[in-house]
Amino acid sequence: MRLASVFCSIVILLTLSACNDTESKDSPKANLLLDILDISFSVKDGRQVFSHTRVFRETNGVDLVITRGKICVESKKTCVDAFLEYEVEAYGKLIQNNHHVATRQGEDEITFEYWAKDENGHEHKISKTLIVDGEKAAVKH
């Protein structure tokens, strides 16, 4: 009898987990946006430094957590990759002031990539590219 009880419990758990998978596919998906704002230029230790503000926005009413970030310079030859835990509330903003990226190249493409998971289990990836030309920098659209 005990084996039958364990077997029934496993079947019930598998059935419930299958229901949860269906719910996450039909449930609302967050919409995560990233803006790079207030870009300024300076030189430090022979590198061009671009200070800026990063603004993450959720626009579909679903909470999410940004779990990983990767920033690359020198046309994606040099990267920094980190695990994160940035929470962005439904219809909310996460503002990160006074961030910096630096490059030794006069012309460069700096990429920002982030991965997130929303409260309904949907996974997200967003990216932005900053085009650098001397002291000028513009977000690629």
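Mentor: Start at Thr 103, which lies in strand β5, residues 93-103. Keep in mind that this is a predicted model.

Is Thr 103 buried or exposed? Its relative accessible area is 1%. Buried means under 20%, so Thr 103 counts as buried.

Now look at what the side chain of Thr 103 does. Another goes to a side chain: Thr 103 makes a polar contact with the side chain of Asp 108, at 2.6 Å.

Which residues touch Thr 103, once neighbours within four places in sequence are set aside? They are Arg 47, Gln 48, Phe 50, Glu 74 and Asp 108. Strand β2 covers residues 47-58, and Arg 47 and Gln 48 are among the contacts of Thr 103. Strand β6 covers residues 107-118, and Asp 108 is the partner in the polar contact.

Follow β6 next. Strand β6 runs antiparallel to strand β3, residues 64-73, and eight bridges join the two. As a general point, strands of a sheet pair through backbone hydrogen bonds, either parallel or antiparallel.

Both strands belong to an open sheet of five strands, in the order β4-β3-β6-β7-β8, with antiparallel pairing. The edges are β4 (78-88) and β8 (136-139), and each of them pairs on one side only. On average, neighbouring strands in this sheet are turned by 20° against each other, direction ignored.

Stay with Glu 113 for a moment. Glu 113 counts as buried, at 14% relative accessibility. The side chain of Glu 113 also meets that of Lys 125 in a salt bridge, at 3.1 Å from N to O. Lys 125 lies in strand β7 (residues 123-133) and Glu 113 in β6, so the pair ties together parts that are twelve residues apart in sequence.

How many salt bridges does the structure hold? There are three. A second one joins the side chains of Arg 68 and Asp 81, at 2.7 Å from N to O. Arg 68 sits in β3 and Asp 81 in β4, so this pair ties together parts that are 13 residues apart in sequence. Arg 68 is partly exposed, at 26% relative accessibility. Asp 81 is partly exposed too, at 41%.

The remaining pair is Arg 57 with Asp 35, at 3.1 Å from N to O. Here Arg 57 is in β2 and Asp 35 in strand β1 (residues 32-44), so the pair ties together parts that are 22 residues apart in sequence. Arg 57 is partly exposed at 26%, and Asp 35 is partly exposed at 23%.

Now step back to the whole protein. There are one helix and eight strands. Along the sequence, the pattern reads α-β-β-β-β-β-β-β-β. Of the 141 residues, 33% are buried, and Thr 103 is one of the buried residues. Among contacts with a separation of 6 or more, 62% are between residues 24 or more positions apart. The accessible surface comes to about 9300 Å², and carbon and sulfur atoms account for 51% of that surface.

Technical notes: Residues numbered from 1 in each chain as written. Predicted model: local features only at pLDDT ≥ 70, side-chain atom pairs only at ≥ 80, totals over all residues. Heavy atoms only, no water. Pairing = 2+ DSSP bridges. Helix = DSSP H or I, 4+ residues; strand = E, 2+ residues; numbered from the N terminus. Axes fitted to C-alpha atoms, helices over the stretch in contact; angles between N-to-C directions. Buried < 20%, exposed > 50% of the residue type's maximum accessible area, 1.4 Å probe, protein only. Polar contact = N/O pair within 3.5 Å; in protein donor to acceptor, adjacent residues only side chain to side chain. Contact = heavy atoms within 4.5 Å. Areas by Shrake-Rupley, 256 points an atom, 1.4 Å probe, with all protein chains shown as cover. Salt bridge = Lys/Arg side-chain N within 4 Å of Asp/Glu carboxyl O.
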